[in-house]
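Here's a quick tour of how one model is put together. Have the coordinates open while you read.

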Amino acid sequence: MVVVGGGTAGWIAAAVLANEFAEGELVIELVESEEIGTIGVGESTIPPFLELLKNLKIDERDFIQKTQASFKLGIEFVDWHTKGERYFHPFGHITAGMDEYMFYNLWIKSYLNGEHYAIQDFCASSVMARHNKFFLPQSAQNTPIAESRYALHLDAKLVAQYLREYAEARGVIRTEGRVERVEQNDDGSIAGVKLQNGTQVAGDFFIDCTGFHALLTEKTLHVDFVDWTHYLPCDRAVVVQTKNAGEILPYTRATAQDFGWSWRIPLQSRTGNGYVYASEYCSDEEARKTLLNAVDGELLTEPRVIPYRTGVRQQIWTQNCLALGLASGFIEPLESTAIHLVVRGMVHFMRHFPDREISSAFIDEYNRRMTVDYEEIRDFIVLHYCLTDREDTEFWRWCKNMELPESLSRIIDYFKVQGNVPEVLDPLFHPVSWRSVCEGMAVRPRKYSALIESTNYDEAKQHFDKYKIMLEEFIQKLPSCSEFVSKNCPAKVS
Ligand SMILES: Cc1cc2nc3c(=O)[nH]c(=O)nc-3n(C[C@H](O)[C@H](O)[C@H](O)COP(=O)(O)OP(=O)(O)OC[C@H]3O[C@@H](n4cnc5c(N)ncnc54)[C@H](O)[C@@H]3O)c2cc1C
């Protein structure tokens, strides 16, 4: 098994394989070029990333300390609906200590009755984020924050380094060098790669983790790219790192700008910043200025522009080659989903792990399943743009009037009835996510479920009032995120 590329995708692939197979059972070789380097961004994750660490039997605390990581309770969206408004998309549940469906429908009833309960006041992750607090939910069972969830903000380069050490310790062979040529068998499948220094690396199966170069998938196998720029027109990002200014915030901030949005990702050691923009409306220079105006701390790097294309490969797995990470496709990082897609790519691959005879039924099912994941994420990202009420720039006017993917139109129409989301198998975004974004973007269901008609509404209101106060008081006593990190998992600088 040959993994070509050693960014986050390459080393996740190598680590998953090394964990799955005993040393010697499968020869795993990873080729990477230090001269080319990695993309060096990808620092905000979502909760399933912690499952990866668990499956690899990696100690979470050790990982946090060595990757300068900090905690993330969700994403704060600023200026997306109209300038001056903000909302929070939290991880975890919103239940107010009740059945989630019951709570949500009672909450719909409350606003239809003219009461003004903010839904995020009932969410532990949102209230913790608002007060810049953090505590591990697994260490707070039987408390109101037990239903919160978290992910990590991490240093992409240190993650690759950590996983490299992990994989090499389990027998993965790392070969340094720039791939100069990809050799093919008579049937077109990949036979091997030839490096600039003359080394030949042959294998039965290849994982293309060469990032946007897509050396095997695109340059060799010529797999088409399904372009989604007509749904998501941002096609560039300018990125810069800054010193931390003040406390570490336990969330990613995504601020809508004139022609896209900027992010702020606080790590223990520094802050990652970027501006994702549409080059049709905004020049690189203008984007650079917007980003530099938006950052707080002292600059640690020079701003760097990264062009990209939104979409997915027509086939992510072709013959004996699997595309993983940026080589397989890319959707802008608004909900921090790219590393998750790498992990999903490996989870599905392990379920269809090929023997010498590669089944086309496995390839087809893998491609179908990954496309479902990509489309779900695409629709969820488009949701953030299309519900805007902004008309202050050509970019936002376009977003407000854009043509939606048919799948998303259906979800929005269905949501507007009673706040439900169509059920799908193994979704990434659960109803709580759709409800949080729709509420933040001022889209509300027209009615509540008849199933709550017999519930005593006055009692429910009393419960809401008490619960809100209890949650707030509980969270006020928790440590700040900075305090929690420095006490429990301060960065280890190697
Ligand atoms: C602007 C931006 C922001 C992002 N933010 C997030 C985020 O917040 N959260 C998130 O989950 N994801 C994010 N991502 C995505 C994330 O960065 C990637 O999914 C992740 O880093 C995986 O990248 P990769 O390993 O596929 O590619 P890369 O990091 O580019 O690695 C490619 C590897 O291939 C090697 N290579 C290439 N060509 C050759 C060759 N000829 N010979 C030998 N080796 C070669 C390189 O040396 C390198 O090792 C973001 C992406 C962008 C563009």
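Start with a helix pair: the axes of helix H1 (residues 8–20) and helix H6 (residues 156–169) come within 9 Å and cross at roughly 25 degrees. Axes here are lines fitted to C-alpha atoms over the stretch in contact, with angles from 0 to 180 degrees between N-to-C directions. Since angles under 35 degrees count as roughly parallel, H1 is roughly parallel to H6. The crossing of H1 and H6 is left-handed (the near helix is turned anticlockwise from the far one by less than a right angle).

A word on ground rules: this is a predicted model, where local features need pLDDT of at least 70 and side-chain atom pairs count only at 80 or more, while totals for chains, interfaces and linings use all residues. Residues are numbered from 1 along each chain as its sequence is written.

Contact means C-beta atoms, placed from the backbone, within 7 Å.

| Helix | Residues in the contact |
|---|---|
| H1 | Thr8, Trp11, Ile12, Ala14, Ala15, Ala18 |
| H6 | Ala156, Val159, Ala160, Leu163, Arg164, Tyr166, Ala167 |

Ile12 turns up again elsewhere: Val342 touches Thr8, Ala9, Ile12, Leu324 and Gly325, leaving out residues up to four places away in sequence.

Over to the strands (DSSP runs of E, at least two residues; helices are H or I, at least four). E8, E9 and E10 make an open, antiparallel sheet in that order, with pairing needing at least two DSSP bridges. Strand E8 (179–184) and strand E10 (200–202) are at the edges with a single partner strand each, so one side of each lacks a neighbour in the sheet. Five bridges join E8 to E9 (residues 190–195), and Val179 sits opposite Leu195 in E9.

Key
Two residues are in contact if their C-beta atoms, placed from the backbone, lie within 7 Å. Angles under 35 degrees count as roughly parallel, over 145 as roughly antiparallel, 65 to 115 as roughly perpendicular and the rest as oblique.
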